[in-house]
Amino acid sequence: MLDRGLPPRSPWAIAARLGGWFERHGRALVIATPYLWFALFFFVPFLITLKLSFSEVVLAQPPYAPLFTLVRDFDASVLNIRLNLGNYGLLWSDTLYIKAYANSLRIAAIATLLTLAVALPMAYGLAKAPDRWRLALVMMVILPFWTSFLIRVYAWIGILKHDGLLNAALLAVGIIDQPLTILNTDTAVYIGIVYSYLPFMVLPIYASFDKMDVSLVEAAIDLGCRPVRAFWLVTAPIALPGIVAGCLLVFIPAVGEFVIPDLLGGSETLMIGQTLWLEFFNNRDWPLASAVAVLLLLGLVVPILLFQRHQQRASGKLETEAGRA
Amino acid sequence: MRPGFTPVTVTALTLGFAFLYLPILILIVFSFNASRLVTVWGGFSLKWYVELLANRQLLDAAWMTLRIALTSATVALVVGTLAGVSLTRFATFRGRTPFSAMIYAPLVMPEVITGLSLLLLFVSIDWDRGFWTVTVAHATFSAAYVAVVVQSRLLTFDAVLEEAAMDLGATPAKTFFVITLPIIAPALASGWLLAFTLSLDDLVVASFTTGPGATTLPMRIYSQVRLGVTPEINAISTVLIALVTVGVIVASLMQKRQIAARRRAAT
């Protein structure tokens, strides 16, 4: 009577039962693990940032006032919410922030177009390269992406600075007789962004060129189209999905870029990522930094959604292609 | 597209690659400069490398960075692979759209936002900042990259193999470990390597989420760079570039050999 229904205690039986449990709940477990991870470490932090952006800065550890407080009022607990819109008011009234925001959008947009201008011929050249070269050349585009971002930005300081290598070279050749001021200007930031983000632009465009049907271009040329015109009328539209993806991959992170403007840019043109950094690390104003983050994210919601749609469509296309094969 | 170099494409590629590689080459060359001035060549010397070995702070930071990168890449591999499998093999489940949104968003999210929001999470749950907070932060954005790499591999191989294994009575878990895992292994390797270098590289997210005693190499380099260009930074940069280049080349050669071996086995 005593041993009725008692499970066997041997480790094998336990393992088997555990295995059975995993088997039964495997699917849920596979989905739940990454789901919870991203929810906890990606989504919840945004909610906290949003909450904090309505809070007040105080001299304390951590340096902000609580937003929700439970107040005992006679015999009932009342949830007291102090919504402070002051941070957003400050962002609106102090022109520093609006300027930084506008600067970021402008610099990111110009830099994205410049990156496109450099990447388009490169991607085209890659797609047209002979087969035995192509893999090595694509590898050469990817390789800088693996080396440190910080180091690649740092490399430009020595080149662009007043007594740097570029000025030394230009002076030696005799193109200029006065050293150019490039470091600590917007130009240096453009160079830094184009340089750092170039692989992100080249690879998606190359991928869409690669799938292209040559006969279309040949048909256009046979029908009397000049090659340059054929490129713009036939090739460029085919590369459009790659161009859109590349532009989003460059533009979105570039708007919030910190390292490049901080090391290469001037002190007059702050970008929004820098103001967030300064508010957080130098002024220790966490609520204001959170408000900057929320506004930055709001401005990027549309491009981020576009990017996600593109990603989903791309993986859907991959699936139908695999299905056909 | 008909393959072949034309003068136009050769010029485009030459200029493009010169732009990509010249700055790095210059940086490497000047790490062997005997002169402290970065623009004047003072003869060949290894003295900056010798100084590196004596720089205790830098070596400590390098060790810390390596540990964080190894741990976070491994965590990212597990989480990212599960995410990639969920997205491709379970076509429909409740909450799939927000799930895929959470996976694609970290790929483009500005680092300052990721860093700040994760820090606020760690503070509000009272998690002491240090090694583990940086590791978790890195694992999170790296997992998104791993998920995309694994997903694209899973989408391009024939699911018939998995179906056959299950028809023959293998459980889903066994099918995954015996059939799926070996096929996607190269994608897992490159996903891990990607996660590893992303972590090795990161300055912004680490600066937000770190605590006392967990200073990473990029943070050390950054604070030195702000003081000016020194050959010592060139030297440490050269070491890092050499390590990563060797790693990537070895990984791609291994992948090539594996593909060649599979082709031989198939014929």
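**Exercise 1. The interface**

Task: How many residues of chain A are in contact with chain B, and how much area is buried between them?

Solution. Step 1: contact means heavy atoms within 4.5 Å. By this rule 96 residues of chain A are in contact with 96 residues of chain B. The model is predicted: local features need pLDDT of at least 70, side-chain atom pairs count only at pLDDT 80 or more, and totals for chains, interfaces and linings use all residues. Residues are numbered from 1 along each chain as its sequence is written, chains are lettered from A and ligands numbered from 1 in the order in which they are written, and side-chain values use heavy atoms, with hydrogens and water left out.

Step 2: buried area is the accessible area (1.4 Å probe) that two parts lose on being put together, summed over both. Between chain A and chain B it is about 8,800 Å², and carbon and sulfur atoms give 80% of that. On the side of chain A, the residues losing the most area to chain B are A:Phe38, A:Trp146 and A:Tyr154, together 10% of what that side buries.

**Exercise 2. Charges across the interface**

Task: Which side chains form the salt bridge between chain A and chain B?

Solution. Step 1: a salt bridge is a side-chain nitrogen of Lys or Arg within 4 Å of a carboxyl oxygen of Asp or Glu. The count between chain A and chain B is one.

Step 2: the partners are A:Asp262 and B:Arg226, at 3.1 Å from N to O.

Step 3: helix H1 (residues 11-53) of chain A gives the most to the side that touches chain B, with 20 residues. Helices here are DSSP runs (H or I, at least four residues), and strands are runs of E (at least two), numbered from the N terminus.

**Exercise 3. Salt bridges inside chain A**

Task: Which parts of chain A does the pair A:Arg106 and A:Asp186 tie together?

Solution. Step 1: the two side chains meet in a salt bridge, with 3.5 Å between N and O.

Step 2: A:Arg106 lies in helix H3 and A:Asp186 in helix H7 (residues 186-210) of chain A, so the pair ties together parts that are 80 residues apart in sequence.

Step 3: buried means under 20% relative accessible area, exposed over 50%, and partly exposed in between (1.4 Å probe, protein chains only). A:Arg106 is partly exposed at 34%, whereas A:Asp186 is buried at 18%.

Step 4: a further pair is A:Arg134 and A:Asp210, whose closest N and O atoms are 3.2 Å apart. This pair links helix H4 (residues 131-146) with helix H7 of chain A, 76 residues apart. A:Arg134 is buried at 14%, and A:Asp210 is partly exposed at 36%. Together with A:Asp131, these two residues form a network of salt bridges.

**Exercise 4. Core and fold**

Task: Which residues have the most contacts inside the largest nonpolar core?

Solution. Step 1: a nonpolar core is a set of buried Ala, Val, Leu, Ile, Met, Phe, Trp, Tyr and Cys residues joined through side-chain atoms within 4.5 Å.

Step 2: the largest one has 179 residues, and those with the most contacts inside it are A:Phe38, A:Ile193, A:Ile205, A:Phe209 and B:Phe208. Helix H3 (residues 95-128) of chain A gives the most to this core, with 14 residues.

Step 3: B:Phe208 touches residues of both chains, among them A:Leu276, A:Trp277, B:Val112 and B:Leu116.

Step 4: chain B has eleven helices and zero strands. Of its 267 residues, 52% count as buried.

Conventions: Lists of a residue's contacts leave out its neighbours within four places in sequence.
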